[in-house]
Amino acid sequence: MIPVLSVQGLKVSFRTDAGMASVLDDVGLTLERGQVLGVVGESGCGKSTLIRAIMGILPGAARVNAGQIVFEGENLLVFTERELNQQIRGSRIGFIPQDPLLSLNPVFKVGSQLLEIMRDHAPPGTSRADHIQRLVSLLRRLQVPGPDNALERYPHQFSGGQRQRLLIAAALACSPGLVIADEPTTALDVTTQHEILLLLRELVDELDISLLFVTHDLGVVAALCDTVCVIYAGQTVESGPVEAVLRAPSHPYTQALLACHPERSVSFTGIGGTVPSPLRMPTGCRFAPRCGYTEPICAVALPIATRRKSGADVRCVHSG
Ligand SMILES: Nc1ncnc2c1ncn2[C@@H]1O[C@H](COP(=O)(O)OP(=O)(O)OP(=O)(O)O)[C@@H](O)[C@H]1O
Ligand code: SF4
Ligand SMILES: [Mg+2]
């Protein structure tokens, strides 16, 4: 069976006043049907840029220089903006944003905002009454209080967690094959975050959708995902089944991320150093300035990813 989403060799750069910034340089991932893929990495590693490239919403200063983004067998990079809008975004790919407050307009009722999405992206031949019915049943499933009259209320009449559930309903409304979520629970308290992650996992299984979930939190990856793609400085450094990667991480960056996870480490120190600027990437391994296992070759040659015994693909000169 073909994967729902396959990204291979993706390179994206931004034109800036200080020159070309190489933000993604050989990112790859594969998401199978009915699975949850976690994309994880520190701030500035390129997670949101990757998502924007997949959805075709990169800013004007960005350019895709190489690679493929294949969704349900079709290369999205050849779609025009109009085709993406009419055939892909909102209908076949749903999106759950990070900040529910910024994503709902406070002056319009929730119903008018969610129904507008459905009007633009729902399958032809479906009526407004069908859309209302679909939204109410999703709101009920997402445990939004008072689902029958929720569409008549304004965003401020919901809590942060409830607003995020409204946006999950919006993302699922047109029955997409793929849902992309960019750190959708970061702004929520731990209990609400946990409830929403559980619901998302149940919905993936019930509705047979696939979920690409961006996070900086390996605890979230462990709780929610089937596979994981670890990104560092615009490159995939380790990817594979969650159990293999989290139980026996091979790449020094994955090891360092895990070591500084609060549940794994008594002394939370973080990883020394910072992610390099996309304007000044190291020539060899991009993690070399922060790595405890560096060898002379690491500074000159960029390692390629190889399959390890664990089942993960790892970009590091150590065979592990
Ligand atoms: N419009 C832009 N012009 C120039 N550089 C940009 C632009 N947008 C993002 N970048 C740079 O691209 C890199 C990756 O940014 P991105 O937002 O994709 O990271 P991220 O992994 O999503 O981070 P976070 O976890 O903070 O959301 C950063 O160095 C950022 O400064
Ligand atoms: S290639 Fe070298 S510098 Fe890079 S992660 Fe592996 S050991 Fe560290
Ligand atoms: Mg981001």
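Me: What should I know about the model and its numbering before I start?

Reply: Residues are numbered from 1 along each chain as its sequence is written, and chains are lettered from A and ligands numbered from 1 in the order in which they are written. The model is predicted: local features need pLDDT of at least 70, side-chain atom pairs count only at pLDDT 80 or more, and totals for chains, interfaces and linings use all residues.

Me: How is the chain divided into domains?

Reply: Domain bounds come from an automatic or database domain assignment. Here domain 1 covers 5-92 + 176-314 and domain 2 covers 109-175. Their C-alpha centres lie 29 Å apart. Residues are in contact if their C-beta atoms, placed from the backbone, lie within 7 Å, and the contact takes 12 residues from domain 1 and 11 residues from domain 2.

Me: Which element gives the largest share of the side of domain 1 that touches domain 2?

Reply: Helices (H or I, at least four residues) and strands (E, at least two) are DSSP runs, numbered from the N terminus. Helix α7 (residues 190-207) gives the largest share, five residues. For the classes, Ala, Val, Leu, Ile, Met, Phe, Trp, Tyr, Cys and Pro count as nonpolar, Asp, Glu, Lys and Arg as charged, and the others, Gly among them, as polar. That side of domain 1 has nine nonpolar, three polar and no charged residues.

Me: What is the strand order of the open sheet?

Reply: Strands of a sheet pair through backbone hydrogen bonds, either parallel or antiparallel. Two strands count as paired if DSSP finds at least two bridges between them. The open sheet has eight strands in the order β6-β7-β8-β3-β9-β10-β12-β11, with mixed pairing. β6 (93-96) and β11 (306-307) stand at the edges with a single partner strand each, so one side of each has no neighbour in the sheet.

Me: Which strands pair with β8?

Reply: Strand β3 (residues 36-40) runs parallel to β8 (residues 210-215) and is joined to it by five bridges. Within that pair, V36 has L211 as its bridge partner, and V40 stands opposite T215. Strand β7 (residues 178-182) also runs parallel to β8, again with five bridges; there L178 stands opposite S210.

Me: How many residues of β8 are buried?

Reply: A residue is buried if 20 or more other C-beta atoms lie within 10 Å of its own, exposed if 12 or fewer, and partly exposed in between, with C-beta atoms placed from the backbone. In β8, six of its six residues are buried. S210, L212 and V214 point one way from the strand, while L211, F213 and T215 point the other way.

Me: Which residues of α1 are buried?

Reply: K47, T49, L50, A53 and I54 are buried in α1. Down the helix axis they fall within an arc of 165 degrees (taken from the directions from the axis to the C-beta atoms), so the buried residues line one face of α1. Just after the helix, G56 takes a positive phi of about 70 degrees.

Me: What surrounds ligand 1?

Reply: A residue is near a molecule or strand if its C-beta atom, placed from the backbone, lies within 6 Å of it. Ligand 1 is surrounded by 16 residues, and the closest are F14, S43, K47, S48 and T49. β1 (5-16), β2 (19-31) and α1 (47-55) each supply at least two residues of the shell; α1 gives the largest share, three residues. By class the shell has seven nonpolar, eight polar and one charged.

Me: Which residues are closest to ligand 2?

Reply: C285, A288, C291, C298 and C316 are the closest of the 13 residues around ligand 2. The classes in that shell are 10 nonpolar, two polar and one charged.

Me: Where does S175 lie, and what is its phi?

Reply: Most residues other than glycine have a negative phi, and most peptide bonds are trans. S175 is not a glycine, yet has a positive phi of about 55 degrees. S175 sits in the loop between α6 (160-172) and β7, and counts as partly exposed because it has 14 C-beta neighbours inside 10 Å.

Me: What about E183: where does it lie?

Reply: E183 lies in the loop between β7 and α7. Its phi is also positive, near 45 degrees. With 19 other C-beta atoms within 10 Å, E183 is partly exposed.

Methods. Two residues are in contact if their C-beta atoms, placed from the backbone, lie within 7 Å.
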